[in-house]
Amino acid sequence: MKTHTLKISFTMLLGLVLISGCARNPVTGKRQIVLMSEAQEISMGQQSDPEIVAFFGVYNDPELQKFITEKGLEMAAVSHRPNLAYEFKIVDSPVINAFAVPGGFVYFTRGIMAHFNNEAEFAGVLGHEIGHITARHSVIQQRNTLLGQIGMMAGIIFIPQLGEFIEPMSQGMQIALLSFGRDAERQSDKLGVEYSSRIGYDATEMAGFFETLERKQAEGGGSEIPEFLSTHPSPVERNATVAKLAEDWKKKLDLEDPKINRESYLRRIEGLVFGEDPKQGFVEANVFYHPVLKFQFPIPTGWNHQNTPQQVQMAPKSGDAIMMLSLAAGKSLDEAARQILEQYKLEVVESKKETVNGLSAITMIADQKQEDGNTIRVLSYLIQFENYIYNIMGVSELGKFSNYQQAFTGTMRNFKELKDSEKLNRKPDVVRIKTVVNPMTLEAALLSFRMPKEKLNELAILNGMDLNDRLTKGTLIKVIDK
């Protein structure tokens, strides 16, 4: 994906400073240089929100949505910027993350909702994200740079020219993925403790959730860990700080019995989709299946892959080629081919019409001349299937194209209709809440509910416990089932 950097000359920067001047930070009360007014900040959020929703999709759970909206508005009312028109949404992603964009928009993935173990943990992270908005962290960060990459593809494409062919990220998604520094994260932790305490929750639970994230990262889920964890001080320092702040706010607000609400929260997430949702496409034995669109194609052995709403992206570990599948614009194969040539400024080397597993197709080899004299070669298969035209495109430098042409065609020529009923009807894993019937360890309880041994450590993290923790009769725990 393309990177987008905010480039401002010194003269232009000086002009913007003179126009916008120094604004007073709503949280600190201090004056600071920012490059946009509050109205511009709100407009940025309003423009970003539909792009973020389009990228992830909204997770359909009216009751859980009602819960986060009610708590979000309750917390926003006691924040430093209660007059913003806040919106709170659950997005359909298995990644463990929460993020906010300027103007009052806060997002939780279903992945992070599955990993909370009580309302107080949720409230702490909710307060942390509202804190980014009230302290105007995104606006301040706009002075620096926007992130332009998401996921692992950015780390494996070593030839910059190939990045042009990957679907560029919308501005809204770039804003959502702004990276904040340690000071901003510390401030948001502090605000998360304050805001969650002000609506009656035990903010010490927030530190417990950070421990869950640390365990998840250690397990190998580092790519699923939100930025506010990775940019923060050590977990020991963070947990101690949050715990002390929580105790201070309990005394300040005279909170003798702050809310945790474990059981009520667990009941709310019964049936929550966990992990990848097959209906969005899944990979099994090096084959990508899409049950809703009813197609399949193989992925070259040893290649990395990533499935986004815009594209399925594939690349070898060497990073000197890229292949992707996306929907093509145009009402016919010929029109789609013309638009691709225009979009990427390609010169046709050869083109022909053929059929791919009974489907009408156009195949093209085309070149893109680079300013430095090098040439990028593209193999594109445009395939008509039902109501859509699919573009499968393989890209590499001309000198290496022959090394990858067989891998490209192996995928493209094996695009076909998905007919396997088991793949078409694949059900997602979901969170199930079970009641422990006798005193026992978490490990014994999980085994009693027929959880596979290889999943026990993952389930312990999901429950925020250790496998040897003793459970009392009647304790609720999470398991994963269909």
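Is Leu 382 buried or exposed? I started there. Leu 382 has 0% relative accessibility, so it counts as buried (under 20% relative accessible area; exposed is over 50%, partly exposed in between, with a 1.4 Å probe and protein chains only).

**Ground rules.** I am reading a predicted model, in which local features need pLDDT of at least 70, side-chain atom pairs count only at pLDDT 80 or more, and totals for chains, interfaces and linings use all residues. Residues are numbered from 1 along each chain as its sequence is written, and side-chain values use heavy atoms, with hydrogens and water left out.

**Leu 382, continued.** I placed Leu 382 in strand β15, residues 375-385. Helices (H or I, at least four residues) and strands (E, at least two) are DSSP runs, numbered from the N terminus. I then listed the contacts (heavy atoms within 4.5 Å) of Leu 382, leaving aside neighbours within four places in sequence. Among them are Ala 328, Leu 333, Ile 340, Ile 362, Met 364 and Tyr 390. Ser 360 is also a contact of Leu 382. The two residues are 22 apart in sequence and 8.5 Å apart in space, C-alpha to C-alpha.

**Whole chain.** I noted 18 helices and 21 strands. Of the 482 residues, 52% count as buried. I also looked at contacts with a separation of 6 or more: residues 24 or more positions apart account for 67% of them. The accessible surface (Shrake-Rupley, 1.4 Å probe; for residues, only the protein chains shown count as cover) is about 22000 Å². Carbon and sulfur atoms hold 49% of that surface.

**Helix α2.** I checked residues 38-56 next. This helix has 19 residues and reaches 27 Å from first C-alpha to last, close to the 27 Å expected (1.5 Å times one less than the number of residues). I found a kink of about 25° at Ser 48, shortly before Pro 50. The bend is the angle between axes fitted to the seven residues ending at a residue and the seven starting there. Ser 48 is buried, as are Met 44, Ile 52 and Phe 56, among others in α2. Just after the helix, Gly 57 takes a positive phi of about 85°.

**Around β12.** Six of the seven residues of β12 (321-327) are buried, so this strand is largely enclosed by the rest of the structure. I looked up its partners; two strands pair if DSSP finds at least two bridges between them. β11 (312-315) runs antiparallel to β12 and is joined to it by three bridges. Here Met 314 stands opposite Met 323. Five residues lie between the strands of this hairpin, and Gly 319 takes a positive phi near 75°. β16 (388-397) is also antiparallel to β12, over seven bridges. There I found Met 324 opposite Met 393.

**Open sheet.** I traced four strands in the order β7-β8-β9-β17, with antiparallel pairing. β7 (282-284) and β17 (416-417) are at the edges with a single partner strand each, so one side of each has no neighbour in the sheet. β9 (295-298) pairs with β17 over two bridges. Gln 296 stands opposite Lys 416.

**Cores.** A nonpolar core is a set of buried Ala, Val, Leu, Ile, Met, Phe, Trp, Tyr and Cys residues joined through side-chain atoms within 4.5 Å. The largest has 68 residues, and Phe 108, Ile 112, Met 113, Phe 116 and Leu 446 have the most contacts inside it. Helix α5 (119-134) gives the largest share, seven residues. Another core lies apart from it, with 25 residues, including Phe 288, Leu 325 and Ile 392.
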